[in-house]
Structures are given as structure tokens and as C-alpha cells.
Amino acid sequence: MSATIDYYTEDKEKALGSVEDEVVYAEVAPDRVIASRFGILGPLLSRLFTSGIEARGVERVPESQRVSKNVWNNLLMWWSVNAVLTTIPIGVLAQSVYTLSFGNAVATIFCFGALGGIATAFIATLGPITGLRTMIITRFSSGYFGGTIYSVLNILTQLGFSTTAVILGGQTLANINPGTLPLVVGIVIIGVCCLIPCFIGYDMVHVYERYAWIVTSIIMLFLWGLGGKAGYDVNAQKPFEDTGRALSADILSFGGIVFGSFTGWAPVAADYNCRLPADTPPIRVFLLTFFGLFIPICFVEILGAALMTITDPAYVTAFADGSTGGLIAQVLSPWGHFGQFVLVLLALSVIGNNIPNTYSTGLSIQALGRPFAIIPRFFWVFLAFVVYTVAGVAGREHFSAILSNFLSILSYWTAFFIVIVAEEHFIFRRKNGALGGYNLDDYDSPSKLPLGIAGILAMCFGITGAVVGMAEVWYIGPLGKMAGAAYGADLGFELAAAFSAVTYLPLRALEIKLIGR
């Protein structure tokens, strides 16, 4: 059954006629269901939900409860999430790790960024269509167990993003007035600020992200201007840039990181628009999401690459001593105390970036299965906060290594995840396809979902493609080694996507023919 407006007209009648069916009832009244599960804690939970704490977790949002009409949130939210401090170090990696010239860094960011933006924007269109969170949507292609695997991967991804965010935010706070604020304290401050809106829930997340982009975008313009005053030298990296196969390897490897900085949001992209009406035009959601990602990420990553072209010894030393946070502090130093104030705002900008990481980690834990889904969403959000704050404190001295390795590995699994979901949607779930649409009532019924054999096997082939094509400090795959020079070229995400795309189509067709779902 396809996900159309007609499909949803029976939501209210089903809820009233099947109160004993907890899954259906939880869609309509999640607060009552959660309160009824916890006995003596029920009244306390009811008061929390009445006060504004979001009760809904991974339950489908019925059409009758989709009150949000603000489709522009797809643009404003992703702009706020990415026009932030944590995007700058990705551009910095172009020179600090891959020795790319400024021109090649910009071209790589634009090309690989466009590809990643298209992929992530597609996933976002599925939110209004289904009314489901992203990890639950994967069950329609990879089955209940396959969806659980994706949830595990996404939990690790979002916790990794969160860890890098709190480290960089803490570094920046510590560099405002060196020696006065310990880095550990800065990390904890950032973590707590991220927790608050996520604990409250969906509406508060959108309220914050709807306006945060204004301040952060102005700050990025400040940095561009101050950097120009210090003196950009776009040819500064030319003498250090590799040539031939080594240059191609650098571009491919950095491109994988850029791609991952976009597609890292794909596993959560539908989490933040699943309350839009089902008749919201997908093309509108796609375009707003794409530009909400592409414009700020490219603008800020290119800023990071530009700052590395400043050859003033004071700026070079600042980066060597304090990494990206130290460099930014030096850029703002001509403004004195006002520069320190801007630096505080810039450090706090990571809150906007880390909110979706924290919020969606809680949802992904719930998506692991029913035993996890019955626990209130806000509990898992709090647990995520504890985990990434502790991890940030433990890894605070190794930020650049964590960032470069994490983002490149991240691009591998998001590549085959996007391909599998896309083939399921456009081929098997299209109007005249083998399945003709999504029967959304089945989202929590393993016996009615696909077995997931095709999805899991395609996932395994995707992992195989990533392994043979990857080029990391600790391992270089055979194809990755052949494509590059001494350190190989990272073809991990390209081969992961290709291997899964080629295998999923025939395997899924066979699964439908034999099983019927």
C-alpha cells in the first residue's frame, strides 16, 4: 500500500477501535502508553510530558497529528547545524593532512559535497512520506534485524560526531584565555548545553535550529574578513602539494571525508521532518535540504582551507600549538575582548551541530528493538550525553586523528545504506513496482517486514567494497593501494556504494519472488 493521504484517513478510527493494540495506540498517545508501563513512576512521567518533554520516540506519526507545516525548517535547521565551528576543521584537513593547494581543496569540496548533498536530501524526502524516523525506514529494505544493524552503526556514528564536537568546542573555550579554563571543563559545558534541548525534544530542537544560523553565519563572515586582513596566500600550499598519482590519491581521500561530512546526516535526515504532512512535495523537501547542507558546509569548509593559507608566523604557530581552536583564536585576536566574545559564541555554535547527534542517538537506540523502544526517549538521550562527554574527555588530545579517521570510515557505511534505501524506494516501492508502496502499519511487525536477507547480504558486499578500496593509516586495501601512490587512495565509499548497488537489486528481486515481501 502506498503512503498517500488516503492511507491516513483511518488513523483515528484505528486508534479508537484498537486500544488494546499497544503499537497502534502508542502512535496516537505515546505519553499515556509510556506512563502506563512504569507503575509508580507513571504520574511523574505524565507530569514530565505535560510540562513539554517529548514522549514520542520511534512510533510512526499519524497523519492526524502532523501539525507542522513549516517545510522551511528543512533549510534552516541544516543551515544552523552546519554553519558551525565543527565544520571548519574538515577544510583544514585539506592542507594539514593531504597537502592540497587551495584550488584543489575548493574543487574537491564542491564536487564531493554535491554528491553527498544529493544523497542526504533524498533520505530526507522519506520523512513526510512515511511519518517514520530514518532507522525505522531501513526495516522496509533490510528487515527488522537489518534495521537493527543500521541502528548500531548509526549510534556509533552519532556518538563519534558528538565526541569530535565537544572536543572542538572545549578546545575553543580553553583557548579564549589560555590557562584559565581547563579543557575538560570546556568539554563538559558544551555537552550539558547540547543535552538540554534534546532532552526536551523535537519542538525545542526546531526552535533552536530555526534561529541559530543567523548568529553563526555572521561569525563565519567575520572570520573570512579577518583572515583576509591577515593575508590569504592561495599559492602557499603549492610547493608542498603532491603530483601525479599521489595528488589523485590525496583528492580521493579528502573527497571521502567531505562526502562523509554530508552523508553523516543521511541516517538522521528523516528524523526532523516526519511530522510534515504526507502530501508535502518531495521535490521541495529535497531542494531545501540540499541547499541547507550544500551552502553552509561548502562555505565553512572552504573557510577552513583558506585559513590554512595564511603564512604569518603567529598564525602558523597558533595552529601548531592549539590546533584549529588555536588558529581561530589567533584570527580573532586583533579584536581584543570583542574577539574573545565572538570566540565564545563560536565555541557555543557546536551546540547546534551536536543537537541532532544527541537527539537521534536516543532514537537509534530505541530502534534497536522493542525492549529498547519501551524505555522513554529522554533516558537514552541522557545516556548518549554521558557516553560522548566521557569519550571527549578521554580523547581530547587526539582530535585531528579522530576526525580524519572517523569521517572517512563514516562515509563507507552511509554510502551503501543510501544506495540500498534508494533502490528499494525507486525500484521496488514505486507505484508500479513489485511491492507498490509502503504498508506503514508493518513498521514494527517483523513477520510482515522483509526477511532482510537481500539487504544484509548487500550490506556485506558493501563492507567488502569498502575494505578492498579503503586507505587509512592503519590499513590500505588492495584496490586502494593500486589506485594511489605510497599511501594509497581511499576508494572506500565509492566501492561500498557500487558493490551494494550491483548486488542488492537481484537479491531483493529474488527475495520478493520467493517470500513475497
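Guide: A search of the whole of this predicted model finds 12 salt bridges. Side chains of opposite charge can pair when their charged atoms come close.

Start with Arg377 and Glu54, whose side chains meet in a salt bridge with an N to O distance of 3.4 Å. Arg377 belongs to helix H19 (residues 377-394), while Glu54 sits in the loop between helix H5 (42-50) and helix H6 (73-82), so the pair ties together parts that are 323 residues apart in sequence. Both partners, Arg377 and Glu54, are buried. They also belong to a network of salt bridges, which links Glu54, Arg133, Asp203, Arg275 and Arg377.

Next, take Asp444 and Arg370. Their closest N and O atoms are 3.3 Å apart, and the two residues form a salt bridge. Because Asp444 lies in the loop between helix H20 (399-428) and H21, and Arg370 in helix H18 (residues 370-373), this pair ties together parts that are 74 residues apart in sequence.

In helix H7 (residues 88-96), 8 of the 9 residues are buried, so the helix is largely enclosed by the rest of the structure. The buried residues of H7 are Ile88, Pro89, Ile90, Gly91, Val92, Leu93, Ala94 and Gln95.

Now for how some of the helices lie against one another. Two packed helices are described by the angle between their axes and the distance between the axes. Helix H8 (residues 102-130) packs with helix H14 (residues 282-307) at an angle of about 150°, and their axes are 7 Å apart. H8 and H14 are therefore roughly antiparallel to each other, and their crossing is right-handed. For helix H10 (residues 139-174) and helix H11 (residues 183-200), the angle is about 125° and the axes are 7 Å apart. H10 and H11 are therefore oblique to each other. H10 passes H11 in a right-handed crossing.

Ile218 is partly exposed, with a relative accessible area of 40%. The C-alpha atoms of Ile218 and Ala83 are separated by 9.7 Å, although the two residues are 135 residues apart along the chain.

Finally, turn to the surface. A nonpolar patch there is formed by Leu451, Ile453, Leu457, Phe461, Leu510, Leu514 and Ile515, which together have about 630 Å² of accessible area. Helix H21 (453-469) and helix H23 (492-515) each supply at least two residues of the patch. Ile515, one of the patch residues, is in helix H23. With a relative accessible area of 39%, Ile515 is partly exposed.

Definitions and conventions
Residues are numbered from 1 along each chain as its sequence is written. This is a predicted model: local features need pLDDT of at least 70, side-chain atom pairs count only at pLDDT 80 or more; totals for chains, interfaces and linings use all residues. Side-chain values use heavy atoms; hydrogens and water are left out. Patches are made of residues with over 30% relative accessible area and no salt bridge: like charges are joined within 9 Å, nonpolar side chains (Val, Leu, Ile, Met, Phe, Trp, Tyr) within 5 Å. Accessible areas come from the Shrake-Rupley method with a 1.4 Å probe; for residues, only the protein chains shown count as cover. A salt bridge is a side-chain nitrogen of Lys or Arg within 4 Å of a carboxyl oxygen of Asp or Glu. Helices (H or I, at least four residues) and strands (E, at least two) are DSSP runs, numbered from the N terminus. Buried means under 20% relative accessible area, exposed over 50%, partly exposed in between (1.4 Å probe, protein chains only). Axes are lines fitted to C-alpha atoms, for helices over the stretch in contact, and angles run from 0 to 180 degrees between N-to-C directions. Angles under 35 degrees count as roughly parallel, over 145 as roughly antiparallel, 65 to 115 as roughly perpendicular and the rest as oblique. A crossing is left-handed if the near helix is turned anticlockwise from the far one by less than a right angle, and right-handed if clockwise.
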